[in-house]
Amino acid sequence: MIRLRSIVEVGSGGLDAAQDAIGSQADAILLSVADARVPLAEARQQVTAVLAAAGQGEKAALVVVNHPKTRLLRDDLDAILSPLVGGVLIPHAVEPQDVRDTAVYLREFELRRGIEPGDTKVFPVIDTARGLLHAEQIAMAAPRVGGLVFHAVRFARDIGARPEQRGDRLAYARGKVVAVCRGLGISPLVTSDGLELTYLAEQGFAGAILPDVRYVATANAAFAPGRLVKDRANAAVEAYEAARAEGAWVARFEDEVIDAEAARKLRHLIGE
């Protein structure tokens, strides 16, 4: 899975708007064909052009697509899907079927275009109370789900709260998204105005969608595991591998038990 500490939002702004993000140290850029303020044909053309430039710059790219219920999704994927698309974001994900419908279309175009089925990840956006209620089922709806994205501003609007990145108003929602993702071994992501990135990392998020490139360095530092964390993870993985070599299924490490799933998560952490 691609590393997603810093994702710079380019939207449907076109190639000129994307150049700085493509040339930055961001882990990925985020494009969109789902902004109703931009004519759909134009948005699709702009995304295709930016994807080509991102591919030349070896920059990972994600795309916000239209929700399956708009009946625009299949044509979105027909227009944009290629090996250059690392994943798609589903806005307003409220039930597992939203993911399943998206996965069906993705598989169709992956097979047509020589892309390994399942390579294009899906990132449902949790931006309503209803979506949060079904977050676990949404995350488990298809093997290609790479993580959940918590959209704080839209979620606050949905529940009638004040938007915030820290504090207790949205703490339960943030915590549930993190717990679901960490429990399933996928990435908990969050939208951000570029502030409070260290706080969001301390809450357990793995990365953030950023408004521009000015916040990339801060995000990369905030969401990268520290040296002591990586050293401990390495030691735990070594203990697990030694236990398996002796025929055991788990390892006793300090006061913890390391099983196969725990070892997999630790390896992912080390590799970030």
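Me: Where does R174 lie in this structure?

Reply: In this predicted model, R174 lies in helix α8, which runs over residues 171–184.

Me: Is R174 buried or exposed?

Reply: The general idea is to compare relative accessibility with a cut-off: under 20% is buried and over 50% is exposed. R174 has 1% relative accessibility, so R174 counts as buried.

Me: Which residues does R174 touch, leaving out those up to four places away in sequence?

Reply: Contacts tell you what surrounds a residue. R174 touches F150, E164, Q165, R166, G167, Y199, L200, Q203 and F205, once residues up to four places away in sequence are set aside.

Me: How does E9 read by the accessibility rule?

Reply: Values between the two cut-offs are called partly exposed. E9 counts as partly exposed because its relative accessibility is 46%. E9 sits in strand β1, residues 6–11. Not counting residues up to four places away in sequence, E9 touches L30, I209, L210 and P211.

Me: How is the chain divided into domains?

Reply: Domain 1 spans 6–223 and domain 2 spans 227–270. The centres of domain 1 and domain 2, taken over C-alpha atoms, are 31 Å apart.

Me: Which residues does the UniProt annotation cover?

Reply: An unreviewed UniProt entry gives the annotation "domain: HpcH/HpaI aldolase/citrate lyase" for residues 17–187. Over residues 17–187 the chain is 47% helix and 16% strand, with the end C-alpha atoms 27 Å apart.

Terms used: Residues are numbered from 1 along each chain as its sequence is written. This is a predicted model: local features need pLDDT of at least 70, side-chain atom pairs count only at pLDDT 80 or more; totals for chains, interfaces and linings use all residues. Side-chain values use heavy atoms; hydrogens and water are left out. Domain bounds come from an automatic or database domain assignment. Helices (H or I, at least four residues) and strands (E, at least two) are DSSP runs, numbered from the N terminus. Buried means under 20% relative accessible area, exposed over 50%, partly exposed in between (1.4 Å probe, protein chains only). Contact means heavy atoms within 4.5 Å. UniProt positions are given in the numbering used here, feature names are shortened, and annotations may be inferred rather than shown by experiment.
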